[in-house]
Amino acid sequence: MINFQYVRARDVADAVRLISADPAAKFIAGGTNLIDLMKEDVERPSHLIDISRLPLKTIEKTEENGLRIGALVPNSDVAYHLQVAQRYPMLASAILAGASPQLRNVASTGGNLLQRTRCPYFYDRATPCNKREAGSGCSAVTGLNRMHAILGTSGACIATHPSDMCVALAALGATVQVAGLTGERTIAFPDFHRLPGDTPQRETTLEPNEIVTAIALPPQGFAANYSYLKIRDRLSYAFALVSVAVGLELEGDRIKEARLALGGVAHKPWRDPTAETALQGQAADRATFTRAADVLLRDAKAFQHNAFKIGLAHRAVVRALTQAANGTPQSQSNKKIA
Amino acid sequence: MSISAKIPLSLTINGAEMNLSVAPWTSLLDLLREHLDLTGTKKGCDHGQCGACTVLVEGRRINSCLTLAVMQDGTRVTTVEGLATDGVLHALQQAFIDHDAFQCGYCTPGQICSAVGLITEGKASSAEEIRELMSGNICRCGAYPNIVGAIQQAMRQS
């Protein structure tokens, strides 16, 4: 880890002012991803601006009866919050599917959105990586790419976004509240994370001088019919090969409204309105679910080692939709997939 | 502030108040082991993947390798050295002995601190839930069945 200067932000405005003063400075909240990357010499900030004491730690109802989660609420506290567990169990389930209890106790809500890919080439400073060093090339395209993306890739980067929480936030239609030098703004979840294109070093649409202050959830939480199904190489504490977040609103055996997002397959949580339209108004049965999976994966493209992910994702989508329709969401302690 | 400036911080470690001064890049783990000679807390992977460095901050279990000491200013830290009271082992320490819940012992302080946090959280009751919520602690000797047995014993006593 390189030497750096450390300063504590007094309030949100102070944090924004401090980060604006130095392009090489970084915010630190939980630090569980940033400190790891600093030990690997991948992140080399001049200053760390400690925002962990800012008053962004509450979970409260919004005016429209949704939920506003402060950016500094630890992942555990979100997952176990009564309102989240009861009204947004898909989000609670996704959080508990990720990391370990020790990490979830520290990792912040805002930091979860901003965590970096776990692509091994991004971590390995001895190999080219466009995300780490723009223009140096992508080692994964022709390298060991079993874990890598199958949707929305570019020649410059095939890394995946590692978050579970964000897959549920995408499906729920959350918004991201941010503050900057010129005031506050709200970013719709699909617009927050970027596809790699030619600039994979830019992962979000957050401006360099902006800070995430909260996540807002709309009122509809799909609490009756949901599932978060995560498929990985070991049953606990591993990143997803594929994960699926599903929320359904049923009317009899018909689907009134559907939400469907994939994790572990792209540079951002993958939500496609066309696949949701394929579910809407249809019978909640296997034929419908298969069609939706076909639509969702229609542009999937494999690399040398990850072709298995396309079939795996297809089966996981059908399974997660079945679990949601049956009201039998995937348990995050009993890993048997029912 | 010059780059070499140390930063003052106060911590209550195992009940003792300490006024310290550390470089900002010192992890809580390195502060405990290298500066305070509290070597019960172990450095395994140093990347938050193994759980050997687990300690309790304000009663919550965390990986001490992935937090900066300066960020914990003003908090109460409990390490494995702080669990016994008046020479009497903590229920989990005794349970680990009773169940022979280790082989080499390197992961044990982290396992025990993590299990203290687990019991405080109160989210696990079945063996299955204990296994899942202890998944942040790796035991390469594979003492898992005995670790789960030890935690179940301590849970019955708590």
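A: Two strands pair if DSSP finds at least two bridges between them; strands (E, at least two residues) and helices (H or I, at least four) are DSSP runs, numbered from the N terminus. This is a predicted model, in which local features need pLDDT of at least 70 and side-chain atom pairs count only at pLDDT 80 or more, while totals for chains, interfaces and linings use all residues. Residues are numbered from 1 along each chain as its sequence is written, with chains lettered from A and ligands numbered from 1 in the order in which they are written.

Q: How many bridges join S1(A) to S3(A)?

A: Strands of a sheet pair through backbone hydrogen bonds, either parallel or antiparallel. Here S1(A) and S3(A) run parallel and are joined by 4 bridges.

Q: In what order do the 3 strands of the open sheet in chain A come?

A: Read across the sheet and you get S1-S3-S2 of chain A, with parallel pairing. S1 and strand S2 (26-28) of chain A are the edge strands, each with a single partner, so one side of each has no neighbour in the sheet. From one strand to the next, the twist averages 30°.

Q: Which strands does helix H1 of chain A lie across?

A: H1 of chain A (residues 12-20) lies across S1, S2 and S3 of that chain, and runs at about 170° to S3(A). Angles here go from 0 to 180 degrees between N-to-C directions, with axes fitted to C-alpha atoms, for helices over the stretch in contact.

Q: At what angle do the axes of H5 and H9 of chain A cross?

A: Two packed helices are described by the angle between their axes and the distance between the axes. For helix H5 (89-96) and helix H9 (165-172) of chain A, the axes cross at roughly 160° and come within 7 Å. H5(A) and H9(A) are therefore roughly antiparallel (over 145 degrees; under 35 is roughly parallel, 65 to 115 roughly perpendicular, the rest oblique).

Q: Which residues in H5(A) meet H9(A)?

A: Look for A:Met90, A:Leu91, A:Ala94 and A:Ile95 in H5(A); among those they meet in H9(A) are A:Val167, A:Ala168 and A:Leu172. Contact means C-beta atoms, placed from the backbone, within 7 Å.

Q: How do the axes of H2 and H5 of chain B cross?

A: Helix H2 (91-98) and helix H5 (144-157) of chain B have axes that come within 8 Å and cross at roughly 140°. H2(B) and H5(B) are therefore oblique to each other. On the H2(B) side the contact is made by B:Ala91, B:Leu92, B:Ala95, B:Phe96 and B:Asp98, and on the H5(B) side by B:Ala150, B:Gln153, B:Ala154 and B:Gln157. Sorted by class, that makes 6 nonpolar, 2 polar and 1 charged.

Q: How many residues does the contact take from chain A and from chain B?

A: Chain A gives 25 residues and chain B gives 27. On chain A, strand S1 (5-8), helix H2 (34-39), strand S3 (47-50) and helix H6 (101-104) each supply at least two residues of the side that touches chain B. That side of chain A divides into 10 nonpolar, 12 polar and 3 charged residues.

Definitions and conventions: Two residues are in contact if their C-beta atoms, placed from the backbone, lie within 7 Å. Ala, Val, Leu, Ile, Met, Phe, Trp, Tyr, Cys and Pro count as nonpolar, Asp, Glu, Lys and Arg as charged, and the others, Gly among them, as polar.
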